[in-house]
Amino acid sequence: MTTVIPSAPDREPSAARQTLLILGASGDLTARLLLPGLGRLVASGTAPEITLIGSGRDDWDDGQWQRRVTDSFATVGADGPREAALIREARYLSADVTREDDLRRLLALCQGQLVIFFALPPMVTARSAAALCRAGLPPGTRLMLEKPFGTDSISARSLNDLLTELVPEEQVHRIDHFLGKSTVLNILGLRFANRIFEPVLNASHVACVDIVFDETLGLEARAGYYDGAGAMVDMVQSHLLQVLALLAMDAPPTLTARELRDRKAQVLRATRLWDDDPAAWSRRARYAAGEVAGRRLPAYAQEPGVDPARGTETLAEVVLAVDTWRWAGVPFRLRSGKAMAATRKEAIVTFRQPARVPDGLVGYEHPDRLRIGFGPDRLGLDVNINGPGNPFELEQVRLAADFGPGDLPPYGEVLRAVFEGDPTLSVRGDIAEECWRIVEPVLGAWRADEVPLTEYPAGSRGPADSLIGPVPG
Ligand SMILES: NC(=O)C1=CN([C@@H]2O[C@H](COP(=O)(O)OP(=O)(O)OC[C@H]3O[C@@H](n4cnc5c(N)ncnc54)[C@H](OP(=O)(O)O)[C@@H]3O)[C@@H](O)[C@H]2O)C=CC1
Ligand SMILES: O=C1O[C@H](COP(=O)(O)O)[C@@H](O)[C@H](O)[C@H]1O
C-alpha cells in the first residue's frame, strides 16, 4: 500500500530548535491527543529539538505540567531519553490568553522558530488571536488552530481576516487530524498511483459514495464542547468533508500544498446539499439510554452538562451532490453517529451494476464495492465471482488488505508537517469557509425545526429513517 507521507526513517529532523507553545495546556485535547502525538514524534527521532511551553488558566507550576506531559507520553510508550530531555526543560505559565499582557509574558519565554497551538474553545481562539494582533508575533511564527474553525462561515471569514493580519496564510495551519490518518492519505495513493481505480471513479460507473463514521463512544464527559457543536459540526463539517474532497477531487499534478489544496477547494466549491432540500436529504437524532458493548449509557439529554433544550444531535446524516462533470448525479451520503451498536469508519464506493450479467450466471445480488476503512485501517474490494459449488452461481467475496496504522498517530503527523513548515496537511482558509457554506442550509433548517430531532437507543444502528441503507458487513 502506497503511503503518501514518507515513513519516519526517510525523514531528517530539521536542525534548528523550535518552541511549541500550547495554549489550553490543561485541556482534554492536549492530554489525550496532542501530547501523545508529540511524544511519538519525538520518539521517532524525526522531530527538531523542541522547547515545550504550556499555558492555561490553571495555576500549575512547571512540575505539574511536566507530570501531565509524562503521563500523556506514557500512554503511547514515549519514555525514552529524547522524550525525557524534552520533559525536563518543559515550562508552564499560567495566563489568560485573551489578554495582551499575559501573551507578552508568554512570548518573552519563547526562543527560535515559534509554533503556537491553540487548543482552546473556538471563541477563545478568536479572542486570543485578536489579542496577539496587539501584542505582535516574532517573524516566521506558525499558528495551529483546532477545529471547528469558527462557528459559521461569517465567523470563519472574520477569523481568517484576523489571521491574515498576524502571519501569511502559508504559516496558518488549520488542523484536521483526519488529514494525518494514514488511510485518509492513502486515498491519494490508491486513486492516483494505480491504473485500475481512477478510470471508473465517475458517474458512469459509480452509483453512490458513502462516508460513514459511526462510533461506540458516547459523549465521554465532553459536554462543554460537544453540546454546543453536535455531530454535524464535530464530524461532518470538518473531517468527513475533507474525506469527500480527497475522494472526489481531480488528480493534482504534484502533491505540493498549493496543487493539492487547489483541487480540494475546487471540488468543495462544487458541492452542495442534494436538491437543496434539507427536509428530504438530512437527518438528525440523539441517543436515548441504552447499552453499548456492555456499557450502560444514559440518554444524551441526561448526560452531565448537557442542556436538553439545545436539541444537540449525536447523529447527523446528509446527502450531498458534487456538481462536476465527473460526479453529476452521484449521491455522496455522509453520516456520523455516537453511541452506535458497532464501530464503522469507512468510505464505500458502490459501483453500478454490470451492463448485463449473461443469462446462465445466476445469483447476482450485490454490486461491486470499494471500501476504505479508517480504523481499523484497511482496504477492501467486494467483487462477484463464480461460487465454489455450482460454477455458474455467483458469490460475493472481499479482497482485503490490512495495512495497520502509520508510523505516527494523526497528531504526530500533522505536528511533523508544521515543524517542517509544510501546510499540505492543513486546511486552507477558503476551504474552511467552503465547508461551512456546504452545511449551513442544513444547520439553518435544523435550527428552524424543519427537520425533526429523533431518538435512537444507545447501542442501536441509529434511527429507522436513515438515509443510508444497511451495508453488508
Ligand atoms: N477533545 C477532543 O477530543 C478534541 C478537541 N478538539 C478541539 O480542541 C479544542 C479544545 O478542546 P478540548 O481540549 O476538548 O477543550 P477543554 O475544555 O478540555 O480545554 C480547553 C482549554 O482551554 C483553556 N482555556 C479556556 N479559556 C482560556 C483562556 N481565556 N485563557 C487560557 N486558557 C483558556 C482551558 O483552561 P480552563 O480549564 O482553565 O478553562 C482548557 O485548558 C476545541 O476547539 C475542540 O473543538 C478537536 C478534536 C478533538
Ligand atoms: O475530532 C473528533 O474526532 C473523534 C474521532 O476521531 P478518531 O481519531 O478518534 O477516530 C471524535 O470521537 C470526536 O468527537 C471529534 O471531536
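Modeller: Helix axes are lines fitted to C-alpha atoms over the stretch in contact, and angles run from 0 to 180 degrees between N-to-C directions. The model is predicted: local features need pLDDT of at least 70, side-chain atom pairs count only at pLDDT 80 or more, and totals for chains, interfaces and linings use all residues. Residues are numbered from 1 along each chain as its sequence is written, while chains are lettered from A and ligands numbered from 1 in the order in which they are written.

Biologist: At what angle do helix 7 and helix 9 pack?

Modeller: Helices (H or I, at least four residues) and strands (E, at least two) are DSSP runs, numbered from the N terminus. Helix 7 is residues 182-192, and helix 9 is residues 230-248. Their axes lie 9 Å apart, and the packing angle is about 15°.

Biologist: Is helix 7 roughly parallel or roughly antiparallel to helix 9?

Modeller: Angles under 35 degrees count as roughly parallel, over 145 as roughly antiparallel, 65 to 115 as roughly perpendicular and the rest as oblique. The angle here is about 15°. So helix 7 and helix 9 are roughly parallel.

Biologist: Which helix gives the most to the shell around ligand 1?

Modeller: The shell holds 23 residues (C-beta atom, placed from the backbone, within 6 Å). The closest are G24, G27, D28, L29 and R57. Helix 1 (28-43), helix 5 (122-135) and helix 8 (223-226) each give two or more residues. With four residues, the top contributor is helix 1.

Biologist: How many residues of the shell around ligand 1 are charged?

Modeller: Asp, Glu, Lys and Arg count as charged; Ala, Val, Leu, Ile, Met, Phe, Trp, Tyr, Cys and Pro as nonpolar; the others, Gly among them, as polar. Ten residues of this shell are nonpolar and six are polar. The charged ones number seven.

Biologist: How many charged residues are in the shell around ligand 2?

Modeller: H177, E215, L217, D234, G375 and P410 surround ligand 2. Two of the shell residues are nonpolar and two are polar. The charged count is two.

Biologist: What is omega for the peptide bond from G375 to P376?

Modeller: G375 is one of the residues around ligand 2. P376 sits in the loop between strand 15 (369-374) and strand 16 (377-386). The bond joining G375 to P376 is cis, with omega near 0°.

Biologist: Where is P148?

Modeller: The peptide bond from K147 to P148 is cis too, with omega near -5°. P148 belongs to the loop between strand 5 (142-145) and helix 6 (153-166).
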